[in-house]
Amino acid sequence: MAHRNASGAGFDAAYFDAASTEPLHPAAREALLGALDAGWADPARLYGAARGARVMLDGARAQAAGALGVRPDEVFFTTSGTQAVHLAVLGGLRGRRRAGRHLVVSAVEHSSVLHAAEAHERDGGEVTTVGVDRQGRVDPEAFAAALRPDTALACLQSANHEVGTLQPVEEVAGTCRAAGVPLFVDAAQSAGRAEIPPGWSSLAASAHKWGGPPGVGLLVIRKNTRWRSPLPEDEREGRRVPGFENVPGAVAAAAALAARSAETAAEAPRLSALIDRIRERVPRLVPDVEVVGDPVRRLPHLVTFSCLYVAGEALLTELDRLGFAVSSGSSCTADTLRPSHVLEAMGVITHGNVRVSLPRGADPADVDRFLTVLPDAVARLRRSAGVSTP
Ligand SMILES: Cc1ncc(COP(=O)(O)O)c(C=O)c1O
């Protein structure tokens, strides 16, 4: 059962794992192929081909800036979302060393943020983690209470990557501004898919999440934000990101971001209605299921539910066999059986969870087929584990 996505790429299965990565957007494919031929030269040099590459890179920067509503000289291309996060967090802390060494993060940040926080702690810094409610949402007052006179940086994601809950970024940004603390927002799950609230000082995003090519991230640092490179510096990307620029990647990433942003007004409500269908039907079709995350203040394309008495990996494997590429919100992948820190922080069931995240162009017939096969798949696994449910 080969399926095709809107860009024409073939799949063996219905692809419902857009939160991990999206297939290449047609606008990105076209831009990438053109830029591989025309934008290969070193944009730092002075001959014709190099100047051409520089023009393409600056054009990509302006296009990405336009889509995000910031100035082009605030945008820097990185080699991944993870690298953008690490540079934003560690560079933000370094730039504010004189204010102190205290960092505030939410408990449900992506591992890239938490790994940067761990590195800061190992380096003698201090970290305060702000918890979330049962829907995975930070309480703005609890976040405000965590700020101290020696807080150098605060981090809050725009939306959670495992359960889709939107965070109160605008409120928290207001509090941070009043306290004189820069706010870093990890917008990897929102960029190109949903509005990013204003008020932040730095931001990270990842091109492969919105149909851009892999290996391209965005680091945005607003003017007048203190930042000092945590890495050895060179002259590339305004001295923010060392190493030779990936001009074709940047061009394709920006083209896809602009295209996705233009499509969002029509595509987000369409995907959101499909997610509502899953949120509403799964608990009726499958006994002993908990649908997690905020039902309203959420990303348009993502839902996670947890099935009691089922091992998540077994369910994902069974769904793969039935023609659905889905993932688990947890990090219970082949190499680790640790339950998800997000679900743990929310106080919800941490096992048997399935994250459905719909890519652009997702077919409603595939969603209906998923809802048709899911109840039997869960029942079969429960039976084989010796559990009988109604
Ligand atoms: C919220 C969030 N932040 C950061 C990242 C890291 O991005 P990348 O995969 O480009 O390293 C991801 C990717 O899973 C993410 O979901």
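**View 1. Division of the predicted model into two domains.** In this predicted model, the chain is split into domain 1, covering 3-24 + 264-384, and domain 2, covering 26-259. A distance of 27 Å separates the C-alpha centres of domain 1 and domain 2. Domain 1 and domain 2 each put 29 residues into the contact.

**View 2. The side of domain 1 that touches domain 2.** Helix H7 (247-285), strand S12 (302-307) and helix H9 (341-346) are the elements that supply two or more residues to this side of domain 1. The most comes from H9, which gives four residues. By class, the residues on the side of domain 1 that touches domain 2 are 14 nonpolar, nine polar and six charged.

View 3. Strand S8 (residues 183-186) and strand S9 (residues 202-206) run parallel and are joined by three bridges. Phenylalanine 184 has serine 202 of S9 as its bridge partner, and aspartate 186 stands opposite alanine 204 in S9. S9 also pairs with strand S10 (residues 217-221), here in the antiparallel sense and over five bridges. Within that pairing, alanine 205 has leucine 218 of S10 as its bridge partner.

**View 4. Side-chain directions and burial along strand S9.** In a regular strand, side chains alternate between the two faces of the sheet. Ser202, Ala204 and Ser206 point one way from S9, while Leu203 and Ala205 point the other way. S9 is mostly covered, with five of its five residues buried.

**View 5. The shell around the ligand.** Around the ligand there are 14 residues, of which Gly81, Thr82, His110, Ala188 and Ser206 come nearest. Ser206 is also one of the buried residues of S9. Helix H3 (residues 81-95) provides the largest share of the shell, three residues. The shell is made up of two nonpolar, 11 polar and one charged residues.

**View 6. Asparagine 224, a non-glycine residue with positive phi**. Its phi is about 65 degrees. Asparagine 224 sits in the loop between S10 and H7. Asparagine 224 counts as exposed because it has 7 C-beta neighbours inside 10 Å, and the cut-off for exposed is 12 or fewer.

**View 7. Aspartate 288, a non-glycine residue with positive phi**. For aspartate 288, phi is about 55 degrees. Aspartate 288 belongs to the loop between H7 and strand S11 (289-292). With 17 other C-beta atoms within 10 Å, aspartate 288 is partly exposed; a residue would need 20 or more to be buried and 12 or fewer to be exposed.

How values were computed. Residues numbered from 1 in each chain as written. Predicted model: local features only at pLDDT ≥ 70, side-chain atom pairs only at ≥ 80, totals over all residues. Pairing = 2+ DSSP bridges. Near = placed C-beta within 6 Å. Nonpolar A, V, L, I, M, F, W, Y, C, P; charged D, E, K, R; others polar. Domains from an automatic or database assignment. Contact = placed C-beta atoms within 7 Å.
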